[in-house]
Amino acid sequence: KLIKNIAWIAKPLGKDSLVCYSDGRKRGYFSRNTGKVIIEPKYDHAWIFSEGLASIEEDGYIKFINATGKVVIDKKMPYYMNMEGYVFHGDYCVIEADDNKHYGLMDKTGKMVLPLEYTYIAPACDSKMWYVSKGDVTGLLDNDMKTVIPFMACSIHISDNKITVTMPDHTI
């Protein structure tokens, strides 16, 4: 350990090099290459770096910072304790609506590319596609948000570059 009083760490995704850590009270970031603290622990909640950005909670709102700690996206999004994490996958981050029941997708500029009207959104196929549901119907979108499988009552499974669609009556 190069830094004293580390309670836990969370490694970044991909090529990001800043490690999120807690000193037991607050969270900050250090370089996994040098061990040097880059962003002092000052956040009550902070998430891993992914695709060059990390989400932090300040004053009850989620914001996104770059590797210098500068806030680059601040859309006044309330922090919800039950949200699993504000992490980018394939240039997009799942965002939760104020009702805690609907989700949308935000790009790395802060623009919403899918509105906050979906009941489920998750990355698929190494973040090159997205499972998206609205109530009882599910579809599959590519990373350009174009429809791969239209919304229908089904379950979709991807494995070994093969897409299987199971409908209540049969499998396609």
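Biologist: Where does methionine 145 lie?

Modeller: Start with how strands are assigned: helices (H or I, at least four residues) and strands (E, at least two) are DSSP runs, counted from the N terminus. Here, methionine 145 sits in the loop that joins β15 (137-142) to β16 (147-152). Keep in mind that this is a predicted model, where local features need pLDDT of at least 70 and side-chain atom pairs count only at pLDDT 80 or more, while totals for chains, interfaces and linings use all residues. Residues are numbered from 1 along each chain as its sequence is written, and side-chain values use heavy atoms, with hydrogens and water left out.

Biologist: What is the phi of methionine 145?

Modeller: As background, most residues other than glycine have a negative phi, and most peptide bonds are trans. Methionine 145 is not a glycine, yet its phi is positive, at about 65°. Aspartate 126 has a positive phi too, of about 55°, and is not a glycine either. You will find aspartate 126 in the loop between β13 (120-124) and β14 (129-134).

Biologist: Is methionine 145 buried or exposed?

Modeller: The words have cut-offs: buried is under 20% relative accessible area, exposed is over 50%, and partly exposed is in between, using a 1.4 Å probe and protein chains only. With 17% relative accessible area, methionine 145 is buried, whereas aspartate 126, at 71%, is exposed.

Biologist: Let's turn to the rings. How many aromatic pairs does the structure hold?

Modeller: Rings of Phe, Tyr and Trp (its six-membered ring) pair if their centres lie within 6.5 Å; planes under 30 degrees apart are stacked, over 60 edge-to-face, and the rest tilted. By that rule the structure holds seven aromatic pairs. One of them joins phenylalanine 64 and phenylalanine 88, edge-to-face, with 5.5 Å centre to centre and 65° between the planes. Phenylalanine 64 belongs to strand β7 (residues 61-65) and phenylalanine 88 to strand β9 (residues 88-89), so this pair ties together parts that are 24 residues apart in sequence. Phenylalanine 64 is buried at 0% relative accessibility, and phenylalanine 88 is buried at 2%.

Biologist: And how do the rings of tyrosine 118 and phenylalanine 151 lie, stacked or edge-to-face?

Modeller: Their centres are 6.2 Å apart and their planes at 20°, so the pair is stacked. It links distant parts of the chain, 33 residues apart: tyrosine 118 in strand β12 (residues 112-118) and phenylalanine 151 in strand β16. Tyrosine 118 is buried at 7%, while phenylalanine 151 is partly exposed at 34%. Elsewhere, ring pairs join Trp47, Tyr79 and Tyr86 into a cluster.

Biologist: Which strands form the open sheet?

Modeller: Two strands pair if DSSP finds at least two bridges between them. Four strands make up this open sheet, ordered β5-β6-β7-β8 with antiparallel pairing. Its edge strands, β5 (45-46) and β8 (71-78), each pair on one side only. Inside the sheet, strand β6 (residues 54-58) pairs with β7 over five bridges, in the antiparallel sense. Look for alanine 54, whose bridge partner in β7 is isoleucine 65.
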